[in-house]
Amino acid sequence: VSMTTLSTNGYRIATLSGAAADTAPDVSNVQVAVLDKMGELPRNPHLEIVDNGDGTKDVRLAYDPIKGMILNNSSSKSCWTATSTDCWADGEVPGKDYSGDVYTKTTMYFSEYSNMIYNDLTLTVHGAALHADSYGLTLKQINFVGTCDLDACHAGGDQTHVVYTPIRLYDANLTLKGNSSIERWGQVNGPIDGSGSITIYSEGSGTWKMNSDMTGFTGDVRYSGNNGEVEERPGRYVEFMGKSPFGGDYEGNDPWKAVQFTGMPWVYVSGTVGMTNVQRGTFVSGHVNFEVANGKSLTLGGLSTTYGGTLTKRGTGALVLASEAKFAAAGVQQDTPIADTNNLVVAAGTLEVAAVDAVNGLAVSFGPEASLVVNVGATGDLKTYGARNVKWETPFAADAAIPVVFAGEMAADSDTFAICTISETAVTPTFTVPAKYAHRKVTALGWRTNDDGSRTYEVALEKQGILLIVR
């Protein structure tokens, strides 16, 4: 029985007549198995006996009511007004108080210039496009099945279209698109969970703002765009407002690229976010720009960060690299860096290396407004070796000395911390450090030779004077 048939809210299996109708079987305990549900549909499937009033009885497959959309609607024709009866299988338009399921395999628009609120309506989109173009869209839930699109940047003037509704994917392939010829914004505020893949792609002047908790999503997350080689934030970009735009525990086939940034997307980080799930790795290919706002940070941690192009850090905020650097060739992850696909450009703001091998093999370059963070609370290998980069011969490049800034809290009054470690044949970087930090003064800046011939640049700090606390 197909979902199109189910949208008529019943399916006759057999008709009983004569003695069979007089002694109709008890079907109340018959269990109905659904082999291939469409998301959560149908709900509560069961058999029932219906008396036709003519001496016959039907055995019917029944389930909770499903309201089906049978006609494509468009931005110029709404299917949500009282006169839009031709859009619906039962000829009735769901009202604001409708409680239950709506199912569509055709394009559906929510395009009224208002906040559209159907608190008890659950929408299942099966292999179709959903245009959430109203100022705000609040449903009980949106379920996606098959290959689907979500577009919230298409129509309605110069404003943000906000999807407040929880979204669930049932092994679906969902693309969030931003098609627009003028600046518009789509924003996802509701949580996203389920399985499959999500691709967030902005084109035209459309922008997607992600303010969604995705920790319940187990599939692939892809951010893609085609902004070209630009120096400033373009009209089309993806914005990370906060929460978790990277997904949760991963159940896919390639965990090293469970989160992908492909093409030439521009990502504006307006709220502090972090990719820290150890079941997920990040893959950067093409040329990806991360613009981090002042006082905010983007952390790339988790399983690993794999490079297949250029990552450019922009903005005055912080980029924190907290997982081992890997590399990719022909779709295969490897440990060996590949020229021209291992570039990390810190154009502005700060870079903090929070895992000892997070830049090992990268061609790291610093712009005149960029600096390197040394965390004086570091321990273990990070304290001993700092940002280790022994796989590349030009590990830290800049037109001038690279400024070092301190962060964290020292456990001892005096200690030595590594800035970086490079190979014995690598091009030598130069650094500048502040004279003091947190009541401690810098007493030495130099380098040491390790047993394997590598060189570690380090800085020593010691307690300065007497700290008097008046209570």
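These are my notebook entries on a predicted model.

**Ground rules**

I number residues from 1 along each chain as its sequence is written, and side-chain values use heavy atoms, with hydrogens and water left out. Since I'm on a predicted model, local features need pLDDT of at least 70 and side-chain atom pairs count only at pLDDT 80 or more, while totals for chains, interfaces and linings use all residues.

**Strand E24**

I started with E24, residues 318–321. Helices (H or I, at least four residues) and strands (E, at least two) are DSSP runs numbered from the N terminus. I looked up both faces: Ala318 and Val320 on one side, and Leu319 and Leu321 on the other, are all buried. For me buried is under 20% relative accessible area, exposed over 50%, and partly exposed in between (1.4 Å probe, protein chains only). In a regular strand the side chains alternate between the two faces of the sheet.

Next I checked the neighbours, where two strands pair if DSSP finds at least two bridges between them. E24 pairs with strand E22 (residues 297–300) in the parallel sense over four bridges, and Thr299 stands opposite Val320. E24 also runs parallel to strand E27 (residues 342–353), joined by four bridges.

Leu321 got its own look. I have it as buried because its relative accessibility is 1%. Its bridge partner in E27 is Val353. Leu321 and Ala354 sit 33 residues apart in sequence, yet 5.7 Å apart in space, C-alpha to C-alpha.

**Cavities**

How many cavities of 30 Å³ or more does the structure hold? I get two. A cavity here is a set of points on a 1 Å grid over the protein atoms alone where a 1.4 Å probe fits but cannot get out, and lining residues have an atom within 4 Å of a point. Points are joined across faces, edges and corners, and a volume is the space filled by probe spheres set on them.

The largest cavity has about 100 Å³ of space. Of its 13 lining residues, the closest to the centre are Val353, Val373, Val374, Asn375 and Ala418. I sorted the lining into nine nonpolar, two polar and two charged; Ala, Val, Leu, Ile, Met, Phe, Trp, Tyr, Cys and Pro count as nonpolar, Asp, Glu, Lys and Arg as charged, and the others, Gly among them, as polar.

The second largest cavity has about 30 Å³ of space. Its lining includes Ser202, Arg236, Tyr237 and Trp266, and divides into four nonpolar, four polar and one charged.

**Sheet E1-E3-E2**

I then went to an open sheet of three strands, in the order E1-E3-E2, with antiparallel pairing. Its edge strands are E1 (11–16) and E2 (46–51), each pairing on one side only. Five bridges join E1 to E3 (residues 57–62), and Leu16 has Lys57 as its bridge partner.

**Aromatics**

I count 13 aromatic pairs. Rings of Phe, Tyr and Trp (its six-membered ring) pair if their centres lie within 6.5 Å; planes under 30 degrees apart are stacked, over 60 edge-to-face, and the rest tilted. Trp447 and Tyr457 have ring centres 6.5 Å apart and planes at 40 degrees, so I log them as tilted. Trp447 is in strand E35 (residues 440–449) and Tyr457 in strand E36 (residues 455–463). Tyr457 is buried because its relative accessibility is 7%. Last entry: Tyr223, Phe240, Phe246, Phe261 and Phe290 form one aromatic cluster.

Methods. 1 Å grid on protein atoms, 1.4 Å probe; cavity = no way out; pocket = protein on both sides within 12 Å on 5 of 7 lines; lining within 4 Å.
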